[in-house]
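I opened the model to look up a helix, a chain contact and a sheet. My notes follow the structure.

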Amino acid sequence: MSLVNNTESGLQFEEWDMVIEPKKKLLDLHLYDLWHYRDLLVLFVKRDFISFYKQTVFGPIWFFIQPIFQTIVFTLLFGRIANLSVDGLPHIVFYLSGVVCWGYFSDTLSKTSTVFRDNSQLFGKVYFPRLIMPLSIVVSNLVKFGVQFALFITVFIYYLSIGRIHPNIYLLFFPLLLLLMAALGLGLGMIISAMTNKYRDLSFIVSFGVQLWMYVTPIVYPLSLAPAKYKRILELNPMTTIVEWTRYGFLGKGSHDWMQLLYCCAVTAVLFVGGIIIFNKVEKNFIDTI
Amino acid sequence: MSIVIRAENISKMYQLGQIGTGTLSRDIERFVAKMRGKEDPFLKIGQTNDRTQAGDSDIVWSLKDINFEVSEGDAVGIIGKNGAGKSTLLKILSRITSPTTGKIKIKGRVASLLEVGTGFHPELSGKENIYLNGAILGMRKAEIKRKFDEIVSFAGVERYIDTPVKRYSSGMYVRLAFAVAAHLDSEILIVDEVLAVGDFEFQSKCLGKMSEVSQKQGRTVLFVSHNMDAISVLCNKCMLLKNGMMIDQGPKDSIIKQYLERSDKGGSKGLVFIDGKEIKEYTDKMGNHDSFELLSVEMTDDKSVRRNTFYSDEIIQVKCKFNACDHYSDFRIVVFIKDRGTGHTIILSQLSDSECYNHVLAPGVYESVCRIPPNLLTTREYKIDFFFYHTNRFNISLADAFYINIKFRDAKYLNASFEDSALLRPYFDWSINHIE
């Protein structure tokens, strides 16, 4: 199933634009196809954004409300009541950084993991490269993240101006960290989506697994608070590195181990490539089993 | 003419029953078998896809060894009964699912329209949906922009273009959706039975657009329909599928004729009475039908003699015996008298037209009799379909039950060329007066 011109060797010379076959090569991503449908990706993102705030009073302001409330709750619960240390940083900016990053990752993961089920109606009636759908989820969430990140930057500038936080040059790593988050959420989400297709149980695991995962990621506490033996376990989680590096760059406190970053990149790359391969394998026949 | 589609040995296997349960153990078993180089233990072959027979394996071949070629500019009609594999074939051609075996080679861009309005989002305006739907069907943004005005005027929704489509009437919705699809710039167009929606005017507009696409623009069209009229207007070639197998392919007339003959199960046997097991073969049940059991249907003259050939001045009685297993409050029987050739409904008659309708039926066995008055039908072959319906309970249709032949007793006044054009030949009240 590729749109690449396929020339058959042999006596008769025939040129076909497309060959539909049962078996597909492992990494036949038909990128040309994907590129052709790039407008669709943009339109999907636009659709998600518009349908999000249609018929609401506050419109896109809703994007702010969730992180603000989550930050307030965390500040009260973990900061004031449980009195967890936050490396001497201001509570608000510490929690907000974690909440915004985690929000992007978990939204991407949970939305991609149900991509086949949510779109089976559409996928069953028309062909377009299925990869467009998870990609559009990543980008849609990026728009949402952008809005929330602007909120974070506002708070960040406030604390910067009163001298409570000390950002450093590691801040420049943030685009890479963002890319890692997107790739991790997308890759893992695609693996799960491919499997939930057959084994529905997984979708239940995802919904509470994501919640539990947040607690093994230093969102409500700094990694430095964890005892040494648990620290090693927490560091197996690639999100730990991403959040810690983000905090180190913006707030000046956090771990910034190069080996950890390398490990995180490797895990992400494996999950991302694996996700794409599995997704591709499943996409062509999933409609028969869903 | 060059070949634009070549299908080689296309087969598609489906697994019946519940796929969600027990598949993990089954997958492991299958995997082990594969590892040891054995055949897939669940893939039994030789089962054809016949709905009416319970197979002994839960694997069916919904398509089996389909081979065909389509030349550039052909309009090919794909015909066959429900479950013949038409839609599966279209799904494979439009890359929604892949074949289990075989290969299809295609030259040119394919646009498929299996459903009208796929991907329409109710909250978005008509304009936004045109762009979204166009992109889903494979158009680039610039392309949609270029054709935007044309699409809007074809759909006739200029006034509402900035209104969310959830506020549209269903007719407007369908018109807009078809308009987008109709303006696709592809070399090959695949259309499933989507014309069943929309009013008559819109349907003929769609058909007109499709024949323009195939005849004037010379594009290749593959079209599935149960409407032989539409097929014969639009197509020049046909493929006939049955139980997933290709029965025949060729010029439209011979294939359509073959299809009609094959589907004339009752007619060729001259059936006038159906009961018991045979009823099941004819009925197509939907919804919960536990509360209704159809016992028999028969066709008789007014002396209760079963026949299927009548003189035009005779009364025809159509009787149904059924078992009502519950109290019925809104129960209807509908009798359709259709033209055998085209399948068009000529007459529709409902139980609710009569006084019987007001009765609440208590459980028990009933017989309904519908009397078709004399001097109404003409020298044609008709077929009779039934429909049994109860609000929110069941919905049962019995298609192609009977065929009726009508003869005139005194044919000397008839002029064949006039009579053939008429669908009905009722006796009206005529008078002729000498006035000057």
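The entries below go from ground rules to one helix, then to chain B and its pairings.

**Ground rules.** I am working on a predicted model, where local features need pLDDT of at least 70, side-chain atom pairs count only at pLDDT 80 or more, and totals for chains, interfaces and linings use all residues. Residues are numbered from 1 along each chain as its sequence is written, while chains are lettered from A and ligands numbered from 1 in the order in which they are written.

**Helix 12, chain A.** I took helices (H or I, at least four residues) and strands (E, at least two) as DSSP runs, numbered from the N terminus. Helix 12 of chain A covers residues 258-283, 26 residues in total. I checked its span, first C-alpha to last: 37 Å, close to the 38 Å expected at 1.5 Å a residue. The expected value is 1.5 Å times one less than the number of residues.

Next I looked up burial. A residue is buried if 20 or more other C-beta atoms lie within 10 Å of its own, exposed if 12 or fewer, and partly exposed in between, with C-beta atoms placed from the backbone. The buried residues of helix 12 include Cys264(A), Thr268(A), Leu271(A), Phe272(A), Gly275(A) and Phe279(A). An α-helix has 3.6 residues a turn, so residues three or four places apart point the same way. The buried residues of helix 12 pack against helix 8 (174-196), helix 11 (238-251) and helix 13 (286-289) of chain A.

**Chain B overall.** I found eleven helices and 19 strands in chain B. Of its 436 residues, 36% are buried. I call two residues in contact if their C-beta atoms, placed from the backbone, lie within 7 Å. Among contacts in chain B with a separation of 6 or more, 70% join residues 24 or more positions apart.

**Where A meets B.** I looked up the interface: 36 residues of chain B are in contact with 29 residues of chain A. Strand 4 of chain B gives the most to the chain B side, with five residues. Strands pair if DSSP finds at least two bridges between them. Strand 3 (residues 18-20) of chain A runs antiparallel to strand 4 of chain B, joined by three bridges. Val19(A) stands opposite Lys105(B) there.

**A sheet in chain B.** Which strands form the open sheet of four? The order is 10-12-14-17, with antiparallel pairing. Strand 10 (273-275) and strand 17 (364-372) are the edges, each pairing on one side only. Nine bridges join strand 14 (residues 316-324) to strand 17. I noted Lys319(B) opposite Val369(B) in strand 17.
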